Amino acid sequence: MLAMYMSLIEECDKEKFERLYYTYNKMMFEIANYILCNVSLADETVQDCMLKLAKSITELPNIPSESAKALIISMVKNKARNNLKAEHYDKVEPMDENQIPDTVMSDISSALRYKELIEMVNTLEQQYREVLVMRLVNGLSVNEISEKLDLPYRTVETRIFRARKKLKDRLKEMYDE
């Protein structure tokens with residue numbers, strides 16, 4: 001792959017690009033794979049970034065340097081997030097607004113990083129957050145939650161449903177931006 005990029009570069013910049021490639025290629029892949037959780041998409045993201053870097057190698061700061069590293073990290077993160085959004089939009093199918101399948105939570109966790117999901121759950125009102133954590137994190141049944149919280153079964157069901165709906169609405173807002 002390096003040879004392909006080198007063919008796009010002026011002779012005087014080939015050494016600079018080669019240093020860039022060997023210094024940052026692995027880091028770029030790790031960042032992209034961390035965001036995308038998909039090796040082939042991560043590889044595609046790195047290739048796109050490398051191509052863009054090859055075309056603008058003369059404008060880049062010295063390699064290696066903190067400013068070059070920051071620029072490359074920012075570029076990979078943005079490209080990976082764009083690819084993640086594009087991948088998400090390709091998989092979205094129309095759904096009845098009142099019907100939220102149980103698989104929504106698994107889809108959320110695969111599309112978002114764990115930290116982002118936890119932050120989103122933590123923004124829920126306490127009554128919703130509590131039942132959702134007990135159900136999804138602790139793996140308790142609705143009956144067990146009902147007994148532990150001394151709430152009616154239907155109340156627990158309703159709170160879980162509403163918590164999922166709130167998360168779904170927030171995700172919809174996030175991806176519609």
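**Helices, contacts and exposure**

Biologist: Which residues in H8 do Glu-130, Val-131, Met-134 and Arg-135 in H7 meet?

Modeller: Two residues are in contact if they have heavy atoms within 4.5 Å of each other. By that rule, the four named residues in H7 meet Val-142, Ile-145, Lys-148 and Leu-149 in H8.

Biologist: This is a predicted model, so which pLDDT must side-chain atom pairs reach in order to count?

Modeller: Residues are numbered from 1 along each chain as its sequence is written, and side-chain values use heavy atoms, with hydrogens and water left out. The model is predicted: totals for chains, interfaces and linings use all residues, local features need pLDDT of at least 70, and side-chain atom pairs count only at pLDDT 80 or more.

Biologist: How many helices and how many strands does the chain have?

Modeller: Both are DSSP runs numbered from the N terminus, with at least four residues (H or I) for a helix and at least two (E) for a strand. From the N terminus on, the elements run α-α-α-α-α-α-α-α-α. The totals are 9 helices and 0 strands.

Biologist: Are H7 and H8 parallel, antiparallel, perpendicular or oblique to each other?

Modeller: Axes are lines fitted to C-alpha atoms, for helices over the stretch in contact, and angles run from 0 to 180 degrees between N-to-C directions. The axes of H7 (residues 126–137) and H8 (residues 142–149) come within 10 Å and cross at roughly 135°. Angles under 35 degrees count as roughly parallel, over 145 as roughly antiparallel, 65 to 115 as roughly perpendicular and the rest as oblique. H7 and H8 are therefore oblique.

Biologist: Is the crossing of H2 and H3 left-handed or right-handed?

Modeller: H2 and H3 pack at an angle of about 145°, with their axes 8 Å apart. The contact involves, among others, Phe-17, Tyr-21 and Leu-36 of H2, and Val-39, Thr-45 and Leu-53 of H3. A crossing is left-handed if the near helix is turned anticlockwise from the far one by less than a right angle, and right-handed if clockwise. The crossing of H2 and H3 is right-handed.

Biologist: Is Thr-45 buried or exposed?

Modeller: Thr-45 is found in H3 (residues 39–55). Leaving aside residues up to four places away in sequence, Thr-45 touches Ala-32, Leu-36, Val-76, Lys-79, Ala-80 and Asn-83. A residue counts as buried under 20% relative accessible area, exposed over 50%, and partly exposed in between (1.4 Å probe, protein chains only). Because its relative accessible area is 0%, Thr-45 is buried.

Biologist: What is the C-alpha separation of Ile-57 and Lys-14?

Modeller: Ile-57 lies in the loop between H3 and H4 (66–91). With a relative accessible area of 3%, Ile-57 is buried. Ile-57 and Lys-14 are 43 residues apart along the chain, and their C-alpha atoms are separated by 8.8 Å.

Biologist: How far apart in space are Lys-85 and Met-174, C-alpha to C-alpha?

Modeller: Lys-85 is found in H4. Lys-85 is partly exposed, with a relative accessible area of 32%. Lys-85 and Met-174 are 89 residues apart in sequence, and their C-alpha distance is 9.9 Å.

Biologist: What is the positive phi of Asp-150?

Modeller: Asp-150 lies in the loop between H8 and H9. Asp-150 is exposed, since its relative accessible area is 69%. Although Asp-150 is not a glycine, its phi is about 55°.

Biologist: Is Cys-37 buried, partly exposed or exposed?

Modeller: Cys-37 is found in the loop between H2 (14–36) and H3. Phi of Cys-37 is near 55°, a positive value in a residue other than glycine. At 48% relative accessibility, Cys-37 counts as partly exposed.

Biologist: What percentage of the residues of the chain count as buried?

Modeller: Among contacts between residues at least 6 apart in sequence, 64% join residues at least 24 apart. Of the 177 residues of the chain, the buried share is 35%.
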